[in-house]
Amino acid sequence: MKPPRSRDISRPSGMTLTESVIVILALVALVAMVFVKSSNLRKRSDQTACLNNISNMQLIVRSFQRLHNLAPNAPLNIEHEFVGPNKPVANRPHCPSAGHYTYSSTIPPLGSLALNCSLATQAAHQPPNYQHW
């Protein structure tokens, strides 16, 4: 007699449970990395927006100073002069990171800012080099 012929037992198509778990874990890790990156991008964009607010207000104050020939430390109500309808800044600027701005009550001397953010020291909401502003 002839020995029985062995059948080709093929593996069913698809993924095993272990392979599925590995793929899911890899996807979760990728999604987590995307969330971390996006939160860092948001933080940096908020810092940039805050620095732009400070820079723009500084440019407005310096232009006003030169236009009216004012000396440093001359009294100046920044909110009254520059913020509001039909003024250089239509709405009161706000820090996107929930910081608070304080305005100088005078024309700031060179090396001082007209607008300061409460997050300046802890969250890099202060320009790195403003000595010549």
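Is Val-34 buried or exposed? Val-34 is exposed, at a relative accessible area of 54%, where exposed means over 50%, buried under 20% and partly exposed anything in between (1.4 Å probe, protein chains only). This residue sits in helix H1; helices (H or I, at least four residues) and strands (E, at least two) are DSSP runs, numbered from the N terminus.

A word on the ground rules. The model is a predicted one, so local features need pLDDT of at least 70 and side-chain atom pairs count only at pLDDT 80 or more, while totals for chains, interfaces and linings use all residues. Residues are numbered from 1 along each chain as its sequence is written, and side-chain values use heavy atoms, with hydrogens and water left out.

Now the overall layout. The protein chain holds 2 helices and 2 strands, and these run α-α-β-β from the N terminus on. Its C-alpha trace spans about 115 × 30 × 20 Å along the principal axes. The radius of gyration, taken over C-alpha atoms, is 30 Å, whereas a compact globule of 133 residues would come out near 14 Å; that globule rule is 2.2 Å times the number of residues to the power 0.38. Buried residues make up 26% of the 133 in the chain. The chain exposes about 10,100 Å², and carbon and sulfur atoms supply 60% of that; the areas come from the Shrake-Rupley method with a 1.4 Å probe, and for residues only the protein chains shown count as cover. Taking contact as heavy atoms within 4.5 Å, residues 24 or more positions apart account for 52% of the contacts with a separation of 6 or more.

Next comes helix H1. With 51 residues at 1.5 Å a residue, H1 should span 75 Å, and its end C-alpha atoms are 74 Å apart, which agrees; the expected span is 1.5 Å times one less than the number of residues. The buried residues of H1 include Asp-46, Gln-47, Cys-50, Ile-54, Met-57 and Phe-64. An α-helix has 3.6 residues a turn, so residues three or four places apart point the same way. The buried residues of H1 pack against helix H2 (78–82), strand E1 (101–103) and strand E2 (115–117). After H1 comes Asn-69, which has a positive phi, near 55 degrees.

Phe-82 is buried, at 4% relative accessibility. Beyond its neighbours within four places in sequence, Phe-82 is in contact with Met-57, Ile-60, Val-61, Phe-64, Leu-76, Lys-87, Pro-88 and Val-89.

On to the aromatic rings. Rings of Phe, Tyr and Trp (its six-membered ring) pair if their centres lie within 6.5 Å, with planes under 30 degrees apart counted as stacked, over 60 as edge-to-face and the rest as tilted. By this rule there are 2 aromatic pairs. One of them joins Phe-64 and Phe-82 edge-to-face, at 5.1 Å centre to centre and 85 degrees between the planes. This pair links distant parts of the chain, as Phe-64 is in H1 and Phe-82 in H2, 18 residues apart. Phe-64 counts as buried, with a relative accessible area of 16%.

His-125 lies in the segment after E2 and is buried, with a relative accessible area of 1%. Leaving aside neighbours within four places in sequence, its contacts include Asp-46, Gln-47, Cys-50, Cys-95 and Cys-117. Cys-95 belongs to the loop between H2 and E1 and is buried at 4% relative accessibility. Among the contacts of Cys-95, again setting aside neighbours within four places, are Cys-50, Tyr-101, Cys-117 and His-125. The C-alpha atoms of Cys-95 and Asp-46 are separated by 7.7 Å, with the two residues 49 apart along the chain. Gln-47, in helix H1 (residues 17–67), is buried at 7% relative accessibility. Not counting residues up to four places away in sequence, Gln-47 touches Ala-123, Ala-124 and His-125.
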